[in-house]
Amino acid sequence: AELGHDESVRALTPKIRKWPGESAVKRAQWGLDVIARVGTDLALMNVYSIAQKIKYKSLKAHASALVDQIADERGLTRTELGDRLVPDFDLDARGRLTLDYGPRQFEVHFDETLKPILRDGVGKTVKNLPKPNAKDDEEKAKEAKATLRGLKKDLKAVAKQQIQRLEGALVQQRRWDAGDFVAFLVDHPLMINLTHRLLWGAWKDDELAQTF
């Protein structure tokens, strides 16, 4: 917990999800305590995700208790905490990620399911990052590939969770105040890829004032 970081969380979370099925519930609960104490947005998002959905009831209950504790410490509801636990993955204000090879750059875009789409410098879609050529910076290319690999791994859990979260908000007819709406949905570097594709409504009391 003291030395951990996002790579530690990525390695530990799949084990936490499996341990109850291997008669190691207590170990899984300790694992949750560890990633909660790591405390990065990605770490807390994984605790929140397990609290939302996992088939092992005791582990789900433990995660829920941790989420309630974290929310209480921050003076938030669980739903409000969920808004704040979406990682930005170092995306820019357009919701994109630039991968630098030195003389060449590649850009990661996202579709409506938050699936990453890789494009080269002229906007052509490419399947994978290429091998660095003689003009490229080899270290930067290596770092770019590691960044893309980590992004794809994290997005598997994040994308599904955030889509379900917005679907849940629709079903519950949830409303946000303007400040939170802009900060956590419209201007959030990852959520922008979902929210800008949707039709929204502005409400005054219980009356729909306009759509946008």
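Author: Before we begin, helices (H or I, at least four residues) and strands (E, at least two) are DSSP runs, numbered from the N terminus. Please keep in mind as well that this is a predicted model.

Reader: With that definition in hand, how many helices and strands does the chain have, and in what order do the elements run from the N terminus on?

Author: The chain has eight helices and six strands. Read from the N terminus on, these elements follow one another as α-α-α-α-α-β-β-β-β-α-α-α-β-β.

Reader: What percentage of the residues of the chain count as buried?

Author: The C-alpha atoms, taken along the principal axes, fill a box of roughly 55 × 55 × 25 Å, and the accessible surface of the chain comes to about 12700 Å². Buried means under 20% relative accessible area. Of the 212 residues of the chain, the share that counts as buried is 39%.

Reader: How far apart do the centres of the positive and negative side chains lie?

Author: Both kinds of charge are present, with 36 positive and 32 negative side chains in the chain. The distance between the centres of these two sets is 8 Å.

Reader: Which residues of α4 are buried, and why can they be said to line one face of the helix?

Author: The buried residues of α4 are L59, A63, S64, L66, V67, I70 and A71. Seen down the helix axis, they fall within an arc of 165°, so they line one face of α4. On the face turned away from that buried side, α4 carries the exposed residues K57, D72 and E73.

Reader: Which helices do the buried residues of α4 pack against?

Author: Just after α4 comes G75, which takes a positive phi of about 70°. The partners that the buried residues of α4 pack against are α1, α2, α3 and α5.

Reader: Is A71 buried or exposed, and which residues does A71 touch beyond those up to four places away in sequence?

Author: A71 has a relative accessibility of 2%, and it therefore counts as buried. Not counting residues up to four places away in sequence, A71 touches L76, T77, R78 and L81.

Reader: S23 and F89 each lie in a loop; which of the two counts as exposed and which as buried?

Author: S23, in the loop between α1 and α2, has a positive phi near 60°, while F89, in the loop between α5 and β1, has a positive phi near 55°. The relative accessibility of S23 is 73%, so S23 counts as exposed. For F89 the value is 15%, and F89 therefore counts as buried.

Reader: Finally, with which residues is Q162 in contact, leaving aside its neighbours within four places in sequence?

Author: Q162 is found in helix α6, which covers residues 138–171. Its relative accessible area is 1%, so Q162 is buried. Once the neighbours within four places are left aside, the residues in contact with Q162 are V86, M191 and L194.

Conventions:
Residues numbered from 1 in each chain as written. Predicted model: local features only at pLDDT ≥ 70, side-chain atom pairs only at ≥ 80, totals over all residues. Heavy atoms only, no water. Buried < 20%, exposed > 50% of the residue type's maximum accessible area, 1.4 Å probe, protein only. Contact = heavy atoms within 4.5 Å. Areas by Shrake-Rupley, 256 points an atom, 1.4 Å probe, with all protein chains shown as cover. Lys, Arg positive; Asp, Glu negative; His and termini not counted. Charge placed at Lys NZ, Arg CZ, Asp CG, Glu CD. Arc of directions from axis to C-beta.
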